[in-house]
Amino acid sequence: MKQFLLTLAGVLAGLTLFTIVAPIVFLLWLSAVARPAPLADKTVLVLDLRGSLTDQESDSPLAALTGGGNSVLGVERTLRRAQRDDHVRGLLVRLPEGGLPPAAADELSLAFKAFRAAGKPILAHSQGLYADGMAVSTYRLAAASGDVWMQPGSVFQASGLARDDMFFKRFFDQHGVVADFQQRYQYKTAVNPYLYDDYTPAHRESELSWMGSVYQTALSGVAVDRRQPIDSVKAAVEAAPYSAEEAKAKGLIDGVGQLKDAETAILAQAGDGAKLTSIGDYASSAGVSGAEGPAGGKTIAVISAEGAIMTGEGGGGAPFGGGQVIRSDDVAKSFYDAIDNKAVRAIVFRVSSPGGSDTASEQILAAVRAAEAAGKPVVVSMGTYAASGGYWISSQASGIVAEPATLTGSIGVFGGKFVLGPALARFGVDTHGLKVGGDFSDAFGDGAAMTTTQRAAFSAWMDRIYDGFVQRVANGRRLTPDRVRQIAQGRVWTGEQAKALGLVDRIGGFYDAVDYAKSLAKLDGDVRLVSFDRTPSPLEALQRMLGGQAGDARMATQLNVLADSPAGQSLLRALWQARLRERGATVLASTPF
């Protein structure tokens, strides 16, 4: 028996080395030998936005080995470096056929304009703008390039902004599922699709409000960049769809040509002998990294947070793609490291999050307060979202900077559970429970709805979280609690709207937040930006990849009994998605992009 166990252990160790360790070692070796080619004397950068686009660069040491997609801040940092590089003579942009997150389009538009202001041309090429809900934001970015081309015969359908929501209430009723949730308050619509079969008046009002603001921002940007009256732009856009040739005749684009034609045109502007180089290869060649500016004093720490906010440390999402999870221990430690570093004079906190756990959010906010108490002002730079828990962690910063189309606010909470007992019973699975202790001990069991006393206790808990959220915002933004309640109730605002309400201080991008931090810290001249993000080791990244959560496994096992019928399969998908939203997230906003 002992020999058998030793043999089994050896086999498992060998399999581990062969299937996990060996590929990682090979990838590390490959990254070391696959150096980018030397930069040509005349270089045109190529930015391909047709793949994935995150707000921030991945914190995973394995991400670079997989050639992951672009990040807004990574592209902005690289273009900022390139605009001072005499070798770089221009930029070719491959536009996506669908929509970009509106705030990402805002931020990249600023980067494009700064690049062009340095005397370097940009040509944006599109193979079609389709009727995606956010395609108008892609066109808004295209206009910032100054020279927009489309492929012959392609279509321009970016005629507005639209979205669809799926409502599961009738489906749940048919299959015996009860969505037992509470909201604070009527605009906290993250769980509305499970509670109603259509938009409530408050849901409809809130959605149309931010959509209208985003649309107006996009049209205004196009009008400025194309030097046309906004009424003319609006009329032309809303009369789409057009062919590429018709779009050119309407003055919406500048050229019609194949990609090869666009490449030839931008290379000709760069000069004889110019070569194309991907923006990723350029970043590697030029040594674009987490630190910017001259070495020495006057350091501003940069701390990044993207994704849902959860307690714990070490990430928890996909290791190769950055995870899209904000772990409160990691972010808080980054703040305390910056506090302890004597060279750090201020902190820029980049936030792109729809929210998550209230306790995790409070842990991060406490670290923000500690930095300010140590005399180090914190300026938040908002990305695509900084809503709900994302606003919680931002609310008491020294200053807040948001893009016009950032979605923020959503000051509210929700919580509850899905009651699966009746649904499972229809498939021959009976759910029974046992408990010892107090009445509330089985309140979150999924076999039956909460009792009257459990619901009352849960409601009081929701009220405490909401009141605490309101008070934190009131303290941070120097507003009365009554004023915060008027503009809260779970409602989402764009950055432009939030500024008018006092929830945001300035409109702008990441480097505007840097300038704001400099002014608050009374720093003159150049500063050095240093990332204080905690990067997991390769071993930690591997543990993320292999890890799992028992709660998710239990949920999957329960719902697997439904998978033998089409209705059950649809129900499983809906509930699984809801489970991911529900887990630990009392301050989570809807995510429309």
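Which residue just after H13 takes a positive phi? Gly-375 does, at about 80°. Here are some notes to go with the model.

1. First, the ground rules. This is a predicted model, where local features need pLDDT of at least 70, side-chain atom pairs count only at pLDDT 80 or more, and totals for chains, interfaces and linings use all residues. Residues are numbered from 1 along each chain as its sequence is written, and side-chain values use heavy atoms, with hydrogens and water left out.

2. Of its 7 residues, 6 are buried, so E4 is largely enclosed by the rest of the structure. Buried means under 20% relative accessible area, with a 1.4 Å probe and protein chains only.

3. Leu-47 sits opposite Val-93 of E4. Another 4 bridges join E4 to E5 (residues 122–126), also parallel.

4. Now for H13, residues 358–373. Its 16 residues reach 22 Å from first C-alpha to last, close to the 22 Å expected (1.5 Å times one less than the number of residues). Its buried residues include Ile-364, Leu-365 and Val-368.

5. Finally, check Lys-376, in the loop between H13 and strand E17. Lys-376 is buried yet has no salt bridge (a Lys or Arg side-chain nitrogen within 4 Å of an Asp or Glu carboxyl oxygen), and Asp-340, the nearest side chain of opposite charge, is 7.1 Å away. The backbone oxygen of Ala-338 lies 2.9 Å from a polar atom of the Lys-376 side chain.

How values were computed:
Buried < 20%, exposed > 50% of the residue type's maximum accessible area, 1.4 Å probe, protein only. Helix = DSSP H or I, 4+ residues; strand = E, 2+ residues; numbered from the N terminus. Pairing = 2+ DSSP bridges. Lys, Arg positive; Asp, Glu negative; His and termini not counted. Polar contact = N/O pair within 3.5 Å; in protein donor to acceptor, adjacent residues only side chain to side chain.
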